[in-house]
Amino acid sequence: MSNSPNVAASNRERILDTAERLFGQHGIDSVSLRQIGEDAGQKNKTAIQYHFGSKEGLAKAIIQRRSKMMEPRIDQMYEAAGTQGRLDDMRALIEILFLPVWEVTDSHGDHSYAAFLLQYMHHPEFKPESSGFGWDIHGHVLTWNRLKALVPGLGDDEAFARLYVLNGMFVSSMVRLDSERKSGKTLLPRETFLNMLLDMMVAAFAAGSAEGAAS
């Protein structure tokens, strides 16, 4: 491996970009580390093991990189919502949780991270606490606590179940939107689609608590 920190960092970023794209397109188990290395232009066949150790380590590194990139945006949105007096507004809170993921696009304008997340969420080794939506970000945690408090009688288990439904709804819709754009068959303008999707997510999360109804 190169001793140059700049070269090593560049190789690492190229591998992460390539892995995110290939995992999103084909599935995590359908892509080999060798294929990722070749597509990333790595002549050294052990480059991925050197940087990430394993496929699991590579997937976690993709999430960690994106979470770090989204952190300033999430914190900025949370602060702005507070200034505007919207921290009890469900739509504002859901925007804080999800819009930073929407804003992550690759060099082709595709939501490659969303496509990766969709594959990751359906992987047998998926862990909810590392779902890629920024659980380790302070502003995200504050937002989530405020959001679940807005639904009376909503217990933690049902709240998390609802959140994972929203996660799947959001990323699958983003992937579908990219597919429609490439085929030239887009049904709605991008911003109209996004507003409709967020409204649907608010309605889904705000539905009466099943736990409260059963008690």
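K60 and E56 sit four residues apart in helix 4 (residues 55-83), so about one helical turn separates them. Keep this pair in mind as you go through the views below, where each legend takes up one part of this predicted model.

**Figure 1. The chain as a whole is built from 10 helices and zero strands.** Let's step back for a moment before zooming in. Reading along the sequence gives the pattern α-α-α-α-α-α-α-α-α-α. How much of the chain is buried? Of its 215 residues, 46% count as buried. The chain exposes about 11000 Å², and carbon and sulfur atoms supply 53% of that area. Take contacts between residues at least 6 apart in sequence: 73% of them join residues at least 24 apart.

**Figure 2. D110 and K182 form a salt bridge between distant parts of the chain.** Their side chains meet at 3.2 Å, N to O. Where do the two partners lie? D110 is in the loop between helix 5 (90-102) and helix 6 (112-121), while K182 is in helix 8, 72 residues apart from it. Now look at how open each residue is. D110 has a relative accessible area of 11%, which is under 20%, so D110 is buried. K182, at 57% relative accessibility, counts as exposed.

Figure 3. D156 counts as partly exposed, at 45% relative accessibility.

**Figure 4. The structure holds eight aromatic pairs, and W144 with F205 is one of them.** The rings of W144 and F205 are edge-to-face, with 6.0 Å from centre to centre and 70° between the planes. W144 lies in helix 7 (residues 138-148) and F205 in helix 9, so the pair ties together parts that are 61 residues apart in sequence. Both W144 and F205 are buried.

**Figure 5. F160 and Y164 form a stacked aromatic pair.** This time the centres are 6.3 Å apart, and the angle between the planes is 25°. Both residues belong to helix 8 (residues 156-183), and being four residues apart they are separated by about one helical turn. F160 is partly exposed, with a relative accessible area of 28%. Y164 is partly exposed as well, with a value of 22%. In another view, F23, Y113, F116 and Y120 form one aromatic cluster.

**Figure 6. L187, L188, M196 and M200 form a nonpolar patch on the surface.** Together these four residues have about 380 Å² of accessible area. Where is M200 placed? M200 is in helix 9 (residues 190-206). With a relative accessible area of 45%, M200 is partly exposed.

Notes. Residues numbered from 1 in each chain as written. Predicted model: local features only at pLDDT ≥ 70, side-chain atom pairs only at ≥ 80, totals over all residues. Heavy atoms only, no water. Helix = DSSP H or I, 4+ residues; strand = E, 2+ residues; numbered from the N terminus. Buried < 20%, exposed > 50% of the residue type's maximum accessible area, 1.4 Å probe, protein only. Contact = heavy atoms within 4.5 Å. Areas by Shrake-Rupley, 256 points an atom, 1.4 Å probe, with all protein chains shown as cover. Patch = residues over 30% accessible without salt bridge, like charges linked within 9 Å, V, L, I, M, F, W, Y side chains within 5 Å. Phe/Tyr/Trp six-rings, centres within 6.5 Å; stacked < 30°, edge-to-face > 60°.
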